Amino acid sequence: MPSTSFKAPRGDTRTCPTWRSEAILRLLYNNLENAERPEDLVVYGGTGRAARSHEDLERITSALETLRDDETLVVQSGRAVATFPTHENAPRVLIANANLVPRWSTWETFNELEKQGLTMYGQMTAGSWCYIGTQGIIQGTYETMAALARQHYDGTLEGRTVLTGGLGGMGGAQPLAVEIAGGACLAVEVDEARADKRIQRGYCQEKTHSLEEAVAIVEDAAEHGEPTSVALIANCATALPRLRKEGFEPDIVTDQTSAHDALNGYIPADVPPEEAQTLREDDPEKYLEASYASMADHCEAMVGFQDDGSIVFDYGNNLRGQAQQAGYERAFAYPGFVNAYIRPMFCRGRGPFRWVALTGDEEDLWATDDVVTSMFPEDETLNRWIEAAQERVPFEGLPARVCWLGFGQRDRFAKKINRMVADGDIGPVAITRDHLDSGSVASPYRETEGMKDGSDAIADWPLLNALLNASAGADLIALHNGGGVGIGLSTHAGMIVVADGTQEAEKRIENAFITDPGMGVARHADAGYKEAQRIAEDTDAFSWWGTRQDR
Ligand code: NAD
């Protein structure tokens, strides 16, 4: 019987030859410890998997348990292929997930190939083994909400209502992130068990099946300037039009249902979640038809809220693309969140830097929290986040933290972590990030939507990012297709560097945390963003060969 629950190893004793392979093994099992459906190895985001099958997981584990520091393990879509002799500063693990030759890069082909056992959907951090539970996305969502509040209000969501959908692995972060930013969140979730999970973890306050009650809760809280959150157990495709009809006027509307995957993610109206899997298997065509029709209704209601005066933005799940495919013409009437709120940060190489205390000792994490706040006291968003995270964000799996850091900050802090390990203040730490980052992704409906120079679909950048990080000394590099928005719609790269306290690690860390956000700065400078050009011209860390000319 395949295992249905997993736990990342803890403590000082390794089963792998070195901390570099041990770190990767622990992160892999940490992914599974935090997985939405561990029995299927699905970590989050529809069918984002950590390994292709249970047998593959065993094989990867055996490969890591014998992986030396002069060898590199190659993993093809969740299957260990071979271990090659390389050298000490080469990556220990190279991963490619769900990549298809562009012309064949569609869900239909992918599903067919997956059925044949040839590939696996890795989402972003699921297949690159650096998922840290919902905390990762809480931080990103908080950054988005904070940027929105700065742009539209007085820097806070106090007194504002946010309507959204989806309380899954990623979407489950929304209620808490809205609360940290001061707002009142109404999240529509069709699967009650998912809502319960978020409530148990303290990410959402309460739930109701009553639309009227949900509205009353958030309106009352907003009126009193109090943060709150409520899960409405309902299907977005029917609940949103009804909420609108009944006169609810949310300040902000967005969505994080698994719309990127019409078959295995989104649940159509009138399909109870417990029956969805049977219908998918019995009649996938009927399921898809219903799913697309529901997504069109869902998206239309969001556009309707925008027409009524709400601030509406797409939260990176390709609902607009799916609704357009279903024939809804105004699907792209509202913007994507990166274009609207995140890009100015990407121009500075700012993005989701994260680290994991590998021995499982929470004290290690508190110590690094203290260091990051003392190193960057001027960064108010960062300091507010760390304080809120310590109070309200429970650790899931190994103790981990994420905070957004920019070019010039990441290398400094990462080196400091390695020195703390060297001094014996803390145990070994894995440093990593989301694929949703400044220089690591091409995704025209999300991270690279509306680029200044029109380079939205140019996928050279994430490929170069991966190659460069591998050259710089990252311990794990992963190149994926389709994360966030679905097969064929994005190319992106992940990375992990292990701080084992050695001098060699310090050099690898320094290089990799200059190259990684540095590619983000260079990519945005090349696209004509002035802030990125200023940073690229002023830095001594790399030479930029572009010019400041606008395109
Ligand atoms: P998930 O599969 O873990 O959860 C999706 C949730 O949506 C489930 O709880 C499901 O029950 C619910 N749902 C599905 N159809 C619904 C409907 N019609 N009405 C109400 N609820 C419905 O996925 P996730 O990891 O939470 O990711 C959600 C989406 O967000 C994905 O498309 C993902 O690609 C995208 N995403 C965005 C970002 C970002 O930064 N913006 C990051 C990661 C993922």
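# Exercises on a predicted model

Ser440 sits in the loop that connects β14 (429-433) and β15 (441-442). We will start from this residue; keep in mind as you work that the model is predicted.

## Exercise 1: A serine and two histidines

Task: Find out whether Ser440 is buried or exposed, and then follow its side chain to a backbone oxygen.

Solution. 
- Step 1. Begin with the cut-off: a residue counts as buried when its relative accessible area is under 20%. Ser440 has a relative accessible area of 0%, so Ser440 is buried.
- Step 2. Next, trace the side chain of Ser440, which reaches the backbone oxygen of His435 at 2.8 Å.
- Step 3. Now place His435: this residue is also in the loop between β14 and β15. His435 has 0% relative accessibility, so this histidine counts as buried.
- Step 4. Go one residue further. The side chain of His435 makes a polar contact of 2.8 Å with the side chain of His492.

## Exercise 2: Around the ligand

Task: How many residues surround the ligand, and which backbone atoms are 2.9 Å from an oxygen atom of the ligand?

Solution. 
- Step 1. Count the shell: 34 residues surround the ligand, and the closest are Glu189, Ser258, His260, Tyr315 and Gly484.
- Step 2. Sort the shell by type, which gives 14 nonpolar, 16 polar and four charged residues.
- Step 3. Check the ligand's oxygen atoms. A polar backbone atom of Met170 is 2.9 Å from a ligand oxygen, and a polar backbone atom of Gly171 is 2.9 Å from a ligand oxygen.
- Step 4. For a nitrogen atom of the ligand, look at Tyr266: one of its polar side-chain atoms lies 3.4 Å away.
- Step 5. Finish with the cover. On its own the ligand has 850 Å² of accessible area, and the protein covers 97% of this.

## Exercise 3: Reading strands

Task: Work out the order of the six-stranded open sheet, and then describe how β12 and β13 run.

Solution. 
- Step 1. Read across the open sheet: the order is β8-β9-β7-β6-β10-β11, and the pairing is parallel.
- Step 2. Move to β12 (residues 351-357) and β13, which run antiparallel and are joined by six bridges. Arg354 stands opposite Val402 in β13.
- Step 3. Now see how β13 (residues 400-405) is covered: six of its six residues are buried. Ala400, Val402 and Trp404 lie on one side, Arg401, Cys403 and Leu405 on the other, and all are buried.

## Exercise 4: Aromatic rings

Task: Is the pair of Trp366 and Phe395 stacked, edge-to-face or tilted?

Solution. 
- Step 1. Know what to look at: a pair of aromatic rings is described by the distance of the centres and the angle of the planes.
- Step 2. Search the whole structure, which holds 17 aromatic pairs. In the pair of Trp366 and Phe395 the ring centres are 5.2 Å apart and the planes are at 40°, so this pair is tilted.
- Step 3. Trp366 is in helix α13 (residues 362-375) and Phe395 in the loop between α14 (380-392) and β13, so the pair ties together parts 29 residues apart in sequence.
- Step 4. Check the accessibility of Trp366: the relative accessible area is 27%, so Trp366 is partly exposed.
- Step 5. Lastly, look for a cluster. Ring pairs link Phe313, Tyr315, Phe337 and Tyr341.

Methods: Residues are numbered from 1 along each chain as its sequence is written. This is a predicted model: local features need pLDDT of at least 70, side-chain atom pairs count only at pLDDT 80 or more; totals for chains, interfaces and linings use all residues. Side-chain values use heavy atoms; hydrogens and water are left out. A residue is near a molecule or strand if one of its heavy atoms lies within 4 Å of it. A polar contact is a pair of N or O atoms within 3.5 Å; within protein, one must be able to donate a hydrogen and the other to accept it, and residues adjacent in sequence count only if both atoms are side-chain atoms. Accessible areas come from the Shrake-Rupley method with a 1.4 Å probe; for residues, only the protein chains shown count as cover. Ala, Val, Leu, Ile, Met, Phe, Trp, Tyr, Cys and Pro count as nonpolar, Asp, Glu, Lys and Arg as charged, and the others, Gly among them, as polar. Two strands pair if DSSP finds at least two bridges between them. Helices (H or I, at least four residues) and strands (E, at least two) are DSSP runs, numbered from the N terminus. Buried means under 20% relative accessible area, exposed over 50%, partly exposed in between (1.4 Å probe, protein chains only). Rings of Phe, Tyr and Trp (its six-membered ring) pair if their centres lie within 6.5 Å; planes under 30 degrees apart count as stacked, over 60 as edge-to-face and the rest as tilted.
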